[in-house]
Amino acid sequence: MQNNNRIQPYVHLGLAKMLASFPTAQAIPASSEDEDQRAAFAAEQAWTSISEAKKLRQHMSRAVWWTIVTGNGFLKTHWDPNCVDKVSGEMGDIKYGHVTPFHLFVPDIREQDIEDQPFVINAYTKTVEWAEYYFAKELNGIKLAPSTSSANQILDEAYLNLGHSKAPDSVIVYETWVKPGATKLLPQGGVIISIDDILISVYKEGFPYEHMMYPFTKFEHIPTATFYADSPIVDLSQLQKEYNGLRSEIAEA
């Protein structure tokens with residue numbers, strides 16, 4: 001049976017093109033000495049090992065899918081001090097993750113570059129049990145009350161025609177990254193974590209990373225000179241409607 005969805009093949013083709021080349025890291029030796037050559041080779045092997053172990057390609061493919069469908073995709077790279085490195089057994093490890101355009105918020109829509117935004121908010125839904133365990137030290141015995149359903153995930157499922165919403169069983173975690181000079185409350189910048197209306201922690205000494213960059217990498221499809229890029233699906237949707245209407249008229253005739 002012929003597939004009447006003309007947008008789906010475009011999405012598959014776009015995914016194949018954008019994932020054809022995977023980002024790589026190249027380490028340049030400081031000199032021609034054997035020690036520097038081996039150090040550069042070891043650095044490239046370390047990058048390959050980390051990216052494969054942390055499933056970077058999987059998270060990147062999901063970010064690219066959002067890029068094609070909505071025009072915007074985000075990849076998150078951060079240091080998680082609460083997890084255990086499986087190789088060394090020590091606390092703390094690098095983690096990758098994809099962030100949907102519906103879970104990342106910026107104040108200046110006219111600014112295209114994410115690094116020029118004064119602050120960025122990453123909001124995500126977690127169960128009450130997860131939040132109380134992960135932030136046990138910060139909460140210090142405070143019990144959390146569920147405020148949303150895990151099925152809604154920021155966007156209420158009622159908008160997706162999935163029926164009645166489930167009873168609240170989760171909370172929304174707000175992770176706010178503030179650049180230096182964005183507010184007088186944090187002149188050096190910092191990171192604020194809150195759960196609903198409960199303040200969990202405030203890091204006031206700038207970003208916890210020396211590069212002082214947001215842990216989010218932005219992918220754009222069609223630039224619009226604003227923060228949110230555009231997707232060709234916007235134009236394809238109207239063509240799909242006309243195509244469906246024409247097929248209906250032919251079948252009726």
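Which elements cover the buried residues of α3? In this predicted model, what covers them includes α1 (7–18), α2 (34–53), β1 (72–84), β2 (91–99), β8 (216–220) and α6 (233–252).

## The chain as a whole

The secondary structure of the protein chain comes to six helices and eight strands, and from the N terminus on these elements run in the order α-α-α-β-β-β-β-α-α-β-β-β-β-α. The C-alpha trace spans about 75 × 55 × 35 Å along its principal axes.

Of the 253 residues in the protein chain, 32% are buried. When contacts between residues at least 6 apart in sequence are considered, 57% of them join residues at least 24 apart.

## Helix α3 and its surroundings

Helix α3 is made of residues 56–70, which is 15 residues, and its span from first C-alpha to last is 21 Å, close to the 21 Å expected at 1.5 Å a residue. The buried residues in this helix are Leu-56, His-59, Met-60, Ala-63, Val-64, Trp-66, Thr-67 and Ile-68.

Although Arg-62 and Thr-100 are 38 residues apart along the chain, their C-alpha atoms are separated by 8.9 Å. Just after α3 comes Gly-71, which takes a positive phi of about 90 degrees.

In soluble globular proteins, nonpolar side chains tend to be buried together. The largest nonpolar core here has 24 residues, and Leu-104, Ile-195 and Phe-216 are the ones that touch the most other members. At least two residues of this core are supplied by each of β4 (119–127), α4 (128–134), β5 (170–178) and β6 (190–195).

Setting aside residues up to four places away in sequence, Phe-216 touches Leu-75, Lys-76, Val-99, Leu-104, Ile-114, Val-120, Asn-122 and Trp-177. There is also a second, separate core of 13 residues, and among its members are Val-11, Leu-19, Met-60 and Tyr-96.

## How α1 meets α6

Two packed helices are described by the angle between their axes and the distance between the axes. For α1 and α6, the axes come within 10 Å and cross at roughly 155 degrees. Because angles over 145 degrees count as roughly antiparallel, α1 is roughly antiparallel to α6.

The contact brings Ile-7, Tyr-10 and Val-11 of α1 together with Ile-233, Leu-236, Ser-237 and Gln-240 of α6. Sorted by type, the residues of this contact comprise five nonpolar, two polar and no charged.

## Two prolines in loops

Pro-101 has its place in the loop between β2 and β3 (104–105), and Pro-101 counts as buried because its relative accessibility of 11% is under the 20% limit. Apart from neighbours within four places in sequence, Pro-101 is in contact with Trp-66, Thr-70, Asn-72, Phe-74 and Tyr-228.

Pro-146 is placed in the loop between α5 and β5, and with a relative accessible area of 40% Pro-146 is partly exposed. Pro-146 and Val-128 are 18 residues apart in sequence, while their C-alpha atoms are 6.3 Å apart in space. Once residues up to four places away in sequence are left out, Pro-146 touches Val-128, Pro-168, Asp-169, Ser-170 and Val-171.

## Positive phi outside glycine

Asn-140 is a residue other than glycine with a positive phi, near 55 degrees. Asn-140 sits in the loop between α5 (136–139) and β5, where it is exposed, with a relative accessible area of 68%.

Met-212 is not a glycine either, yet its phi is positive at about 55 degrees. Met-212 is found in the loop between β7 (198–203) and β8, and Met-212 is partly exposed, its relative accessible area being 28%.

Key
Residues numbered from 1 in each chain as written. Predicted model: local features only at pLDDT ≥ 70, side-chain atom pairs only at ≥ 80, totals over all residues. Heavy atoms only, no water. Helix = DSSP H or I, 4+ residues; strand = E, 2+ residues; numbered from the N terminus. Expected span 1.5 Å × (residues − 1). Buried < 20%, exposed > 50% of the residue type's maximum accessible area, 1.4 Å probe, protein only. Contact = heavy atoms within 4.5 Å. Core = buried A, V, L, I, M, F, W, Y, C linked by side-chain atoms within 4.5 Å. Axes fitted to C-alpha atoms, helices over the stretch in contact; angles between N-to-C directions. Parallel < 35°, antiparallel > 145°, perpendicular 65-115°, else oblique. Nonpolar A, V, L, I, M, F, W, Y, C, P; charged D, E, K, R; others polar.
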